[in-house]
Amino acid sequence: MAEVVLEGVGKCFGTRPVVQDLSLHVPDGSFTVLVGPSGCGKSTILRMIAGLEDVDRGRLLIGGREVTKLPPQKRELAMVFQSYALYPHMTVYRNMAFGLQKTSTLSKGEIDRRVRQAAGKLSIDHLLDKKPASLSGGERQRVAIGRALVRKPKVYLFDEPLSNLDAKLRHRMRAELRKLQEDLQITVIYVTHDQVEAMTLGDQVAIFNQGRLQQVGPPMQVYDNPANMFVASFIGSPEMNFLPCGIRNRSEGRFIHYGAYEALLSDQDAGYGHAPILLGVRPEEISLGQGGQADVQGVVQRVELLGADALAHVQVAQDELVVRLPITQAPRTGQGIALRFGRSRPRLFDSETGHRLQGAAGVS
Ligand code: ADP
Ligand code: MG
């Protein structure tokens, strides 16, 4: 296995930059997810790592060796695509063995051993004599993964491999893939546009927008501490609420407030406030105000019952907040409701630039 390092990598199609100044460290044996909206450059990044696309700027290292200009076959990587790309006229066995037979000097016996071992890991041993057409989508995807496994590459690259599967199967395959990665301690770089997939799969997630890395870190760290408004709203469903705050100058300092909620702005953030400052609150960080303790009052517009919990859409002055409550506390449409924001350390954003403010102390 091997680590992958990108240093200042850039790529243009024509004059249009699609990947800009990307530096990223993918640790050996880790599961790293590249996530972002469609067209943000994820596949291009993966294809540059694979050697299928030239790198215009910067350097690429795999296992400490520079590979920026090496052809794909010298990089010792395997790539798995959404489309599976299986040979329809070959059996599962041959689909898995074919690449090794063509490009390696391994003995027939060794190839056979690897195919059967990978098939066992993926629970497709009973399908080895079948053709792809007779397999389900999930089985085909397993074969495509098996074909990568037999090659024992240094790094595995996955480009939206589960997108063609239905929701239930996708969920199961995700868990299997994660287990496989942990069992074999392989290095995986996995591309998806699905933030839920990114959250559940990755040791680290790298979030992209318009060809630029926005933030990289363990999923929960990114979820709790998004670096900017793009990340804050892209990760998490339903989306974080962004509430426009007022500003109060007092002898103790500058405060933002929203309803009765107040927070003292730190000195570092003194420059902010020309454009409205937004308070970022996740739906599950809002609770019912009790015993007269509330930050805001609102009126319930709509309630979605999800089983274990409920999403209430609440009108508060000009804003509509989404609140996640336990099902036992689900309010009724039209009802007045008092709400409290749970976080002691608020997330604040500049509404114009989307930048995260440095810090503030909750005093509410
Ligand atoms: P993603 O995988 O995140 O959806 P891509 O990496 O496929 O994004 O594409 C990034 C941008 O580059 C898109 O705007 C896409 O249209 C453009 N693009 C991708 N491949 C090419 C190409 N070969 N020639 C020109 N433009 C391309
Ligand atoms: Mg893509």
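Where is the place of Gln210? Gln210 sits in the loop between strand 9 (204-209) and strand 10 (212-217). The model described here is predicted.

## Two backbone features

Most residues other than glycine have a negative phi, and most peptide bonds are trans.

## Around ligand 1

Which residues surround ligand 1? Phe13, Arg16 and Val18 are among them. So is the run Pro37, Ser38, Gly39, Cys40, Gly41, Lys42, Ser43 and Thr44.

Some of these residues also place polar atoms by the ligand's oxygen atoms. Cys40 does this with its backbone: a polar backbone atom is 3.2 Å from an oxygen atom of ligand 1. Lys42 uses its side chain, where an N or O atom is 2.9 Å from an oxygen atom of the ligand. Thr44 also uses its side chain, with a polar atom 2.5 Å from an oxygen atom of ligand 1.

## Helix 2 against helix 3

Two packed helices are described by the angle between their axes and the distance between the axes. Take helix 2 (residues 92-103) and helix 3 (residues 108-121). Their axes come within 10 Å and cross at roughly 135°. That angle makes helix 2 oblique to helix 3. The crossing is right-handed.

Helix 2 brings Tyr93, Met96, Ala97, Leu100 and Gln101 to this contact. Helix 3 brings Ile111, Asp112, Arg114, Val115, Arg116, Ala118 and Ala119. By class, the contact has eight nonpolar, one polar and three charged residues.

## Helix 2 against helix 4

Helix 2 also packs with helix 4 (residues 137-149). What is the angle at which their axes cross? It is roughly 30°, and the axes come within 8 Å. Angles under 35 degrees count as roughly parallel. Helix 2 and helix 4 are therefore roughly parallel to each other. Their crossing is right-handed.

Val92, Asn95 and Met96 of helix 2 meet Val143, Gly146 and Arg147 of helix 4. These residues divide into three nonpolar, two polar and one charged.

## Helix 4 against helix 5

Helix 4 has a contact with helix 5 (residues 167-184) as well. The two pack at an angle of about 20°, with their axes 11 Å apart. Helix 4 and helix 5 are therefore roughly parallel to each other. This crossing, too, is right-handed.

From helix 4, the contact takes Gly138, Gln141, Arg142, Ile145 and Leu149. From helix 5, it takes Leu169, Arg172, Met173, Glu176, Leu177, Leu180 and Leu184. How do the residues of this contact divide by class? Seven are nonpolar, two polar and three charged.

Definitions and conventions: Residues are numbered from 1 along each chain as its sequence is written. Chains are lettered from A and ligands numbered from 1 in the order in which they are written. This is a predicted model: local features need pLDDT of at least 70, side-chain atom pairs count only at pLDDT 80 or more; totals for chains, interfaces and linings use all residues. Side-chain values use heavy atoms; hydrogens and water are left out. Axes are lines fitted to C-alpha atoms, for helices over the stretch in contact, and angles run from 0 to 180 degrees between N-to-C directions. Helices (H or I, at least four residues) and strands (E, at least two) are DSSP runs, numbered from the N terminus. Angles under 35 degrees count as roughly parallel, over 145 as roughly antiparallel, 65 to 115 as roughly perpendicular and the rest as oblique. A crossing is left-handed if the near helix is turned anticlockwise from the far one by less than a right angle, and right-handed if clockwise. Contact means heavy atoms within 4.5 Å. Ala, Val, Leu, Ile, Met, Phe, Trp, Tyr, Cys and Pro count as nonpolar, Asp, Glu, Lys and Arg as charged, and the others, Gly among them, as polar. A residue is near a molecule or strand if one of its heavy atoms lies within 4 Å of it. A polar contact is a pair of N or O atoms within 3.5 Å; within protein, one must be able to donate a hydrogen and the other to accept it, and residues adjacent in sequence count only if both atoms are side-chain atoms.
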